[in-house]
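Please open the model in your viewer and keep the selection panel at hand. The tour goes from one selection to the next and says what is found at each stop.

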Amino acid sequence: MKKLLTAAASIALVSALSISAVAADKLKVGFIYIGPPGDHGWTYQHDQGRQAIDTRFGDQVETVFVENVPEGPDAERTITRLARQGAGLIFTTSFGYMDPTLKVAAKFPDVKFEHATGYKRTDNVSTYSSRFYEGRYVIGQIAAKTSKTGVAGYIGSFPIPEVVRGINAFLLGAQTVNPDFKLKVVWVNSWFDPGREADAAKVLISQGADIITQHTDSTAAVQVAEEQGVNAFGQASDMAAFAPNALLTSIIDNWADYYIARTQAVLDGSWVSTDTFGGMDANMVNIGPFINMPADVKAEAEATVAAIISGKLHPFAGPIYKQDGSLAAAAGETIDLGTLLGMDWYVQGVDDKL
Amino acid sequence: MQLILEKRAQASGLMNLLSPVLAILLTVIMGGLIFAAMGKPPLTALYLYFIDPLTSWWSIEEVLVKAGPLILIGVGLAVCFKANVWNIGAEGQFTAGALMGAIIPVLWGEWQSPFALVAMLFLGALGGALFAFIPAWLKTRFGVNEILTSLMLVYIAQLLLDWMVRGPWNDPHGYNFPKSASFEGWHLLPMWGDGRMHLGLVVSLVAALVLFWVMRHTLKGFEVNVVGSAPRAGAFAGFSQTKMVWFCFALSGGLAGLAGLIEVAGPVGQLQPNISPNYGFTAIIVAFLGRLNPIGVIFAGLLLAISYIGGEGVQIELGISDKTTQVFQGMLLFFILMCDTLILYRLKWISTQSSQQAIGDPS
């Protein structure tokens with residue numbers, strides 16, 4: 001009997017200890033950033049998501065981030081460091097962290113990993129991305145409506161499917177207004193390099209583009225557009241403050257809801273590896289306020305947004321022709337997800353070669 | 001009273017050794033002041049920066065992994081600079097070596113044998129050396145400044161790698177993302193420990209020790225020293241300046257290429273557009289910090305590696321920008337160059353009064 005009591009007491013003690021240990025152990029959520037949170041673009045929006053976690057969960061979680069982590073051999077070390085410091089959930093927010101994330105995840109099976117824009121998953125690695133191309137389609141339409149020269153300039157980072165998809169969606173949107181709309185592309189081979197982004201914008205403007213859009217992370221391009229008196233779109237974040245006269249609208253990435261949901265899942269113990277590809281309907285891609293444009297252009301853009309959200313309009317609905325003239329999707333067809341995810345060809349009308 | 005620099009009759013051997021120590025000390029003091037100015041506890045920050053990386057086996061391993069390529073490239077550059085040959089393009093030779101060595105895993109993926117790895121190492125060194133022969137040839141044939149040509153070739157190598165992983169060597173199952181297929185089996189270096197320790201480290205140390213011996217005990221080492229410090233004397237001794245340029249580029253390019261192959265067959269495990277966080281350029285600092293002496297380069301490589309790992313730790317623990325690491329490395333190089341002045345010069349106080357008197361009194 002005495003033995004039984006001692007056993008019961010010790011069990012009670014152990015469970016009490018483990019409960020207090022859990023209560024004392026905050027969930028640590030780590031973030032790896034490709035640029036600085038001050039880029040006011042891609043990384044800025046991820047950092048907004050991180051801050052949303054702080055606001056929502058308060059003392060339950062602690063967030064920590066590392067900025068400017070190059071997409072090379074160093075990334076693996078930085079991710080490992082976060083895992084070793086007790087992070088239970090780690091978001092790696094650039095494509096190039098894919099293989100390093102998987103390598104670290106294999107060594108830390110109890111830590112949950114979330115990799116943005118990649119395609120490799122395991123039991124403790126999820127992937128997530130947004131259908132940014134929906135926003136691109138909308139701004140493409142606006143561009144064709146407002147452009148006088150009929151030429152837009154597009155600053156690309158790396159010719160990976162995500163970026164190519166954005167270029168195609170932009171031009172497809174523009175072609176619904178002006179079938180002869182021209183699109184020039186300059187690649188800067190970097191996600192964040194304000195100097196080169198600005199130079200690229202100047203080159204495109206000198207080649208006749210009077211609308212600039214970009215798939216890079218800084219505000220350099222919209223600032224050049226403001227100086228030179230042409231129009232521009234904000235990318236990833238609302239950039240109106242940097243180009244109050246030039247900006248037409250911005251594509252805004254909203255990571256906050258996703259980050260909160262995934263943190264909640266880890267806290268609940270319900271986290272499982274998933275693949276998320278959310279668009280405007282899921283509130284992961286937003287369009288900023290429509291400014292510096294006539295009312296009819298604004299009304300039409302709003303209608304397009306509503307049609308995409310309701311599912312009536314798909315930016316990659318046929319007929320779509322590839323650059324070489326071959327048919328990519330016949331009328332009535334839509335390009336399937338697999339093709340979108342591996343997109344390595346331009347639609348007809350892009351003034352560039354892949 | 002006035003402080004002047006007076007040329008020493010002879011280079012000071014003591015200052016030659018003390019200069020790096022003094023530079024490190026000044027860097028630490030200035031670093032502490034910078035941390036304090038940013039409102040961070042300076043002692044904690046300095047501890048995290050320089051000591052903390054050495055307190056766990058994992059971070060020691062990471063320091064060694066980081067130091068490996070810096071040492072391997074650094075020792076080659078040390079010999080090169082000693083001979084007054086200025087190869088600034090180690091970063092490009094690093095990339096060229098990685099590309100050449102990757103021929104085997106990318107094109108002959110089925111050939112799995114230890115010899116495949118040996119062949120990769122050989123091809124890596126060969127690729128770096130061949131790429132370095134371009135500035136060597138331009139220099140010896142046309143007298144083109146090798147600083148410019150070797151530097152410009154860095155960008156060519158990087159763009160070539162970029163093109164290869166997007167085009168011909170793109171992973172066929174990789175959704176067109178810019179990567180080659182992952183290397184497997186004998187196309188990867190043996191690794192051990194729970195981190196990422198690999199064979200490359202041993203290669204770096206062996207290379208440093210061999211070069212130390214060569215520089216100290218062989219005719220070639222003597223030749224490098226003579227041609228570097230007194231080219232005319234070298235010419236009278238029958239040493240050829242042209243051959244020296246070829247030798248230096250072959251050696252430093254080969255070692256940089258080997259380092260590149262080791263990096264892709266080790267920590268990275270595939271070809272991708274970014275394979276180097278500027279190892280080839282940082283190795284220039286390493287070579288000078290190590291007094292252009294292969295043993296010194298080992299310590300300099302370790303110090304720079306600590307500054308990277310520590311800088312990362314400070315960034316996470318105290319929330320300081322990653323630019324701090326660059327500021328520290330910049331300060332280190334700056335103070336080294338500053339303190340090096342003291343090898344050939346000494347500081348001396350002179351009385352302004354007596355100099356005025358000297359001017360006023362013509363006798």
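Begin by selecting Ile167(A), Ile212(A), Ala225(A) and Ala232(A), which touch the most other members of the largest nonpolar core, a set of 99 residues. Such a core consists of buried Ala, Val, Leu, Ile, Met, Phe, Trp, Tyr and Cys residues joined through C-beta atoms within 7 Å, where buried means that 20 or more other C-beta atoms lie within 10 Å of the residue's own, with C-beta atoms placed from the backbone. Because domain 1 (26-130 + 255-278) and domain 2 (133-245 + 287-351) of chain A both give residues to this core, it lies between them; the bounds come from an automatic or database domain assignment.

This is a predicted model, in which local features need pLDDT of at least 70 and side-chain atom pairs count only at pLDDT 80 or more, while totals for chains, interfaces and linings use all residues. Residues are numbered from 1 along each chain as its sequence is written, and chains are lettered from A and ligands numbered from 1 in the order in which they are written.

Next, colour the two domains of chain A separately: 13 residues of domain 1 of chain A are in contact with twelve residues of domain 2 of chain A, contact meaning C-beta atoms, placed from the backbone, within 7 Å. The C-alpha centres of domain 1 of chain A and domain 2 of chain A lie 28 Å apart.

Finally, select chain B, where buried residues make up 47% of the 363 residues, and whose C-alpha atoms fill a box of roughly 90 × 60 × 35 Å, taken along the principal axes.

Notes:
Buried ≥ 20, exposed ≤ 12 C-beta atoms within 10 Å, placed from the backbone.
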